[in-house]
Amino acid sequence: MAGTIDQRLAELAIVLPKAAAPAANYLPFVVTGNLVFVAGQLPTWNGEIKYLGKLGENLSLDEGYQAARLCALNLIAQVREAAAGDLDRVRRVVKLTGYVNTTADFSDQPKVINGASELMAEIFGENGHHARVAVGCSSLPLGVAVEVDGIFEVA
Amino acid sequence: MAGTIDQRLAELAIVLPKAAAPAANYLPFVVTGNLVFVAGQLPTWNGEIKYLGKLGENLSLDEGYQAARLCALNLIAQVREAAAGDLDRVRRVVKLTGYVNTTADFSDQPKVINGASELMAEIFGENGHHARVAVGCSSLPLGVAVEVDGIFEVA
Amino acid sequence: MAGTIDQRLAELAIVLPKAAAPAANYLPFVVTGNLVFVAGQLPTWNGEIKYLGKLGENLSLDEGYQAARLCALNLIAQVREAAAGDLDRVRRVVKLTGYVNTTADFSDQPKVINGASELMAEIFGENGHHARVAVGCSSLPLGVAVEVDGIFEVA
């Protein structure tokens, strides 16, 4: 029997990517008390990078938005692992930190990270509303456009 | 009857800005357990941006310090909301993360973020002393000079 | 009688630096509940900076790795203080955030921050595996190559 959030994912026709496997010396998430700290997620689909580049240089605002949305899909895939497959156990998206690969004069980080924030609201409703930070970075791992990490409260 | 912290604010002649209203898909703060995660605050006064620019280029160290102090005033305004108006419920400023809009060779991030740290100490005394991080960013939302987020412990 | 982690440090011939003293208005760590939030640590040895510069410009990947490792040694020195000298009370390294001073086209942040992650695994074993983020910064305090902060769970 599918859970409430699984049903919403189906209604929205949203498919989650596979949760990336743990790297050698760090983990995709750590649970402490009721909080899940999820590692920085990149805009990848089942391990393949989708958005390389720099906002303000060679990527449009919409591409940045889609990159942030894809990071958020990977966050949710990790949280599903952390919750033993049951996304209904997610009580709250607590905080997202959005790192945007930018030139020195880019200033639309919030519009980029909306791609992650709006996905959380679509999927988790009120419980998906979170505190957040959006900043510009001189560079990001592998040259990706966006990286997003997250803190979640899980029952 | 004014609380202890409200009295200190009055003695210091510090007026807090209005807490910014929630944005569409994210919130200015989320409470989980005893912790309040406050979203990244910009150097605004009642919504009006006060410090645009880049440290190392077109802003002085003192302007950066004032920008960080204004971010911190906004953090406290949000925490007051989170504590239902009663700042005496703030048991501890746990951590501040200060993001400074900088050129590639700026290295005085700590002196900039002192503007936030010293305000917390002025207002909350010992309980205002916190862990912190100060880093340089290639760019920040709307072109502001500084962004600061915070974690607070509330009774 | 040396604790388990102290013995491992001795076996690995790892000596921790002195924990940096608290600065005026912020602290090297704050404990809230079971969590220790440690302030951003720089690549210093007993207060002396060891790795200045920028990845992608004037520092090799190995120098970046060593800088991150030194930041991590300072994190552990602070956690030892937080745990009243007993590193066996560290139940988990929860999360590390690694800030790397980079040019606009550097993309090996993960390999740099592995210097911190691998040290945690060496010293704490399974409990040393953590969630993490690695990003590029336009600049860092004092011109250092790397800054790392951390969240730890302590019994």
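Predicted model: local features only at pLDDT ≥ 70, side-chain atom pairs only at ≥ 80, totals over all residues.
Me: By what turn can chain A be laid on chain C, and what relation is that?
Reply: Chain A can be laid on chain C with an RMSD of 0.0 Å, and the shift along the axis is 0.0 Å. The turn is 120°. That is the relation of a three-fold axis.

Me: What rotation superposes chain A on chain B?
Reply: Chain A superposes on chain B with an RMSD of 0.0 Å. The shift along the rotation axis is 0.0 Å. The rotation is 120°.

Me: Which element supplies the largest share of the side of chain A that touches chain C?
Reply: In this contact, 22 residues of chain A meet 28 residues of chain C. Strands β1 (29-32), β2 (35-41) and β7 (146-154) of chain A each supply at least two residues of that side. The largest share, four residues, comes from β2(A).

Me: How many residues of the side of chain A that touches chain C are nonpolar, polar and charged?
Reply: The contact with chain C involves 22 residues of chain A. By class, these divide into 13 nonpolar, seven polar and two charged.

Me: Which element gives the largest share of the side of chain A that touches chain B?
Reply: The contact takes 28 residues from chain A and 21 residues from chain B. On the side of chain A, the elements that give two or more residues are β5 (90-101), α3 (109-124) and β6 (131-137). The largest share is seven residues, and its source is β6(A).

Me: How do the residues of the side of chain A that touches chain B divide by class?
Reply: Chain A gives 28 residues to its contact with chain B. They divide into 11 nonpolar, 11 polar and six charged.

Me: Why do the copies A and C meet through different surfaces?
Reply: The contact joins 22 residues of chain A to 28 residues of chain C. The copies meet through different surfaces because, of the interface residues of chain A, those that are also interface residues in chain C make up only 9%.

Me: What distance does helix α2 of chain C reach from its first C-alpha to its last?
Reply: Helix α2(C) covers residues 61-82, which is 22 residues. At 1.5 Å a residue, 32 Å is expected, and the helix comes close to that. The distance reached is 32 Å.

Me: Which residue just after α2(C) takes a positive phi?
Reply: The phi concerned is about 55°. The residue that takes this value, just after α2(C), is Ala84(C).

Me: Is α2(C) parallel or oblique to α3(C)?
Reply: The axes of α2(C) and α3 (residues 109-124) of chain C lie 7 Å apart, and the helices pack at an angle of about 40°. That angle makes the relation of α2(C) to α3(C) oblique.

Me: How many nonpolar residues are in the contact of α2(C) with α3(C)?
Reply: Residues of α2(C), among them Leu61(C), Leu73(C) and Ile76(C), meet residues of α3(C), including Val112(C), Leu119(C) and Ile123(C). The contact also has four polar and two charged residues. The nonpolar residues number 14.

Me: Is the crossing of α2(B) and α3(B) left-handed or right-handed?
Reply: In chain B, α2 and α3 pack at an angle of about 40° with their axes 7 Å apart. The two helices are therefore oblique to each other. Their crossing is right-handed.

Methods: Residues numbered from 1 in each chain as written. Chains lettered and ligands numbered in written order. Contact = placed C-beta atoms within 7 Å. Nonpolar A, V, L, I, M, F, W, Y, C, P; charged D, E, K, R; others polar. Expected span 1.5 Å × (residues − 1). Least-squares fit on C-alpha atoms with pLDDT ≥ 70 in both. Axes fitted to C-alpha atoms, helices over the stretch in contact; angles between N-to-C directions. Parallel < 35°, antiparallel > 145°, perpendicular 65-115°, else oblique. Left-handed = near helix turned anticlockwise from the far one by under 90°.
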